Every structure is written in C-alpha cells, then in structure tokens.
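Reader: I am new to this structure. Please pick a single part, take me through it closely, and then show me how the rest is put together.

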Amino acid sequence: MTRLTIIRGGSADTSGRTGRAQRSAADAGQLIRLVPGRFVDADDWRRATPGERHIARIKAVHDGIADRLVVSHASAAALHGLPWKGEFPDVVEVIDPLRATSQALTHVRKRPGRGRRLRTQTMVANGRRLTDLVSTVVDVAISHELRIAVPALDVALQCGVSKRAIRDELASRSAVHGRHRAGVAIDLADADSGSAGESVARVALDEVGAPRPVLQQEFRDGAGLIGRVDFWFPEHGVVLEFDGRSKYVDPALRAAGRSSADVVVAEKRREDRLRRHPDVRAVGRFGARETNDAESLRAVLRATGLPMVSRSYHHVR
C-alpha cells in the first residue's frame, strides 16, 4: 500500500516561502496539488491505487470543511476499501445533515441529509464520521451503475453484511431516482463472487439475458478435485469461465516457480477434465473485452447453447 503524505504549503504557510516553492514544484510536475495549500509527491501519486489517491483527497479537504459533514458515497467506499471501476471521483462526497438539496463545490460534493437517519462510524485518523458499510453500499447502489454497485455489494456480503440489512436500509430511503436500479443490484449481489472482475462479468451476463449462474461450483472426477468454476448453469450443463488477465501476468497470483506458460498449460488440462465431466455439456470462456461488447458476449453464450431472454428492467443500466 502506498502511503500518500499530505504536504502543506501555499496559503497554509503564512511566510509564503514554502508556498512559492511548492507551487513551483507543482508547476514542474514534482508535486500534485489536491486543493489550495495541500500537495502530495507526484511519484507516490502515480504509484498509488485509485482508492489510495481518493483517500488523499479526503485528507486534503478534512480541516477545511465543517465538522457536521459526513464522508459518504464514493468517498466512503474508498475508505471501506470497496472495489471501484476506474478512478474515484475527483471531488470528495459528503452528506450534509442540514441540507435538503445537493451542492457542488470545487473539491466537495454535498449530498442532502436533512431528515435522514445516518448510520455512521468514526475515522481513526481524524475523528470525522463516515457512513457505515451498509449505508455506503446502498448509497452507491442508488447513485451508480450496476457495474460499480454490484462489486461493492459483493464485498459487503463477504464482510458479513446480510442482504436483509441492505434491503432494510434501501427501504428506509426516500430516494425515487435510482431506487429500482439499487434493488436490481442487490438481487444480483452474491458473496461467492471470486473477484471484482467476475462481479462485473456477472452483470454483463445479466444484461444480455443469461440465466442466473451458480458461483464457484466445485467439480471432481476420478482423479480428485478438478477445481471451482466461475459460473455454472446446472440446468443447461454449461460452465463459463471469466479470464482475468492478471492470473496469467501477475507473478503474485502464481505459485512459486510457476511461469505464465505453466499457468496456461494447467488451465488447458483443467478445462479438458471439465469437458469430460458427465454433468458438463459445454465450457465457454470470456474476458474483459466481451463484458464490454454485448454482441461478442452473446456469441460466446450461443456457442455454448445457453439461452438468453430480454430482461424487463434493461432500462436501469
């Protein structure tokens, strides 16, 4: 984990000397200016994950915003370590208990909180409140597309949050816009998801009308455990595997001494054993390209014989 230290300067330095030097360093690309008078090292910034970068933004605005403001939505998701597609927003999202409408500022987006029962916890570093995990994933599900909401919900379920608690929190909200989409996201959420990539792949399958799969189904043969598959459709005898690129190229995901070629050969042997399993009629593979191209994904499903139907709620995407 990259620790991004907030460097104070600019208007925070009353002498003006450090401020001038830091502004020059920012202009030269050596520092990243987050807000006036708050910087981080540019090399550290480039090495950091999107979540770490957004947490630095939260730290940078903390002492410039009112104590009543509660970190929420995408910003709370970053603090809870939830997965996110791409970069987090470049503004910090907060709930203002006094507001009935939203307000967009340069570095902060205030969400209305008047009349809302806030479930919060406290940040250890600075004592500011943030929405708890249940509230955060419901906020994300109401405010964002399924491909962002479902991976976050999957992780919340893996952390021990129940679907009942999430549904109860959604039922307590007065939101109209995004409410139906949030319900769909909760229906799709599954603690058995193997990764954020698989969560997004499951949304893509649902978008093209595939049946709902069983996740991480275990298969065995006479030689023992074949493995767990990403998506199993028992009524159709079809296995679908999501090929995330990282398992082939990231050494951290391989056993010691194994090369990328070793992983490819092992996957081929595993797939051959799956195809010979009496319950398996077809095996298909797809990756990030197909999840972002509906027609390519439909072609994979047609090749395996999986049926597809039109979802009645396709408009919520």
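Author: Take helix H6. Its buried residues are Leu146, Arg147, Ile148, Ala149, Val150, Pro151, Ala152, Leu153, Asp154, Ala156 and Leu157. Here, buried means under 20% relative accessible area. Keep in mind that this is a predicted model.

H6 covers residues 146-158, which is 13 residues. From the first C-alpha to the last, the helix reaches 18 Å. That is close to the 18 Å expected at 1.5 Å a residue. Eleven of the 13 residues are buried, so H6 is largely enclosed by the rest of the structure.

What does the cover of the buried residues of H6 include? Helices are listed: H5 (133-143), H7 (163-171), H8 (179-188), H9 (196-207) and H12 (288-291) are among what covers them. Just after H6 comes Gly160, with a positive phi of about 105 degrees.

Look at E12 and E13. They pair in the parallel sense, over five bridges. Glu241 has Arg285 in E13 as its bridge partner.

Asp243 lies in the loop between E12 (238-242) and helix H10 (246-249), while Arg285 lies in E13 (residues 282-286), so the pair ties together parts that are 42 residues apart in sequence. Arg285 is partly exposed, at a relative accessible area of 22%. Both residues belong to a network of salt bridges that links Glu241, Asp243, Glu267, Arg270, Glu271, Arg275 and Arg285.

The structure holds 32 salt bridges. One of them joins Glu87 and Arg53, whose side chains meet at 2.4 Å, N to O. This pair links distant parts of the chain, 34 residues apart. Glu87 sits in the loop between helix H4 (73-79) and strand E5 (92-96), and Arg53 sits in helix H3 (residues 50-62). Which side of this pair is buried? Arg53 counts as buried, at 12% relative accessibility. Glu87 is partly exposed, with a relative accessible area of 46%.

Another salt bridge pairs Arg220 with Glu218. Their closest N and O atoms are 3.1 Å apart. Arg220 counts as partly exposed, at 48% relative accessibility. Glu218 counts as partly exposed too, at 31%.

Now go back to strand E5. Five bridges join E5 to strand E7 (residues 108-112), and the two run parallel. Glu93 stands opposite Arg109 in E7. Strand E6 (residues 103-104) pairs with E7 as well, in the antiparallel sense, over two bridges. E6 and E7 form a hairpin, with three residues between them.

Finally, step back to the whole chain. It has 13 helices and 13 strands. Buried residues make up 48% of its 317 residues. Of the contacts with a separation of 6 or more, 57% come from residues 24 or more positions apart. The accessible surface comes to about 15,800 Å², and 50% of it belongs to carbon and sulfur atoms.

Conventions:
Residues are numbered from 1 along each chain as its sequence is written. This is a predicted model: local features need pLDDT of at least 70, side-chain atom pairs count only at pLDDT 80 or more; totals for chains, interfaces and linings use all residues. Side-chain values use heavy atoms; hydrogens and water are left out. Helices (H or I, at least four residues) and strands (E, at least two) are DSSP runs, numbered from the N terminus. The expected span of a helix is 1.5 Å times one less than its number of residues. Buried means under 20% relative accessible area, exposed over 50%, partly exposed in between (1.4 Å probe, protein chains only). Contact means heavy atoms within 4.5 Å. A salt bridge is a side-chain nitrogen of Lys or Arg within 4 Å of a carboxyl oxygen of Asp or Glu. Two strands pair if DSSP finds at least two bridges between them. Accessible areas come from the Shrake-Rupley method with a 1.4 Å probe; for residues, only the protein chains shown count as cover.
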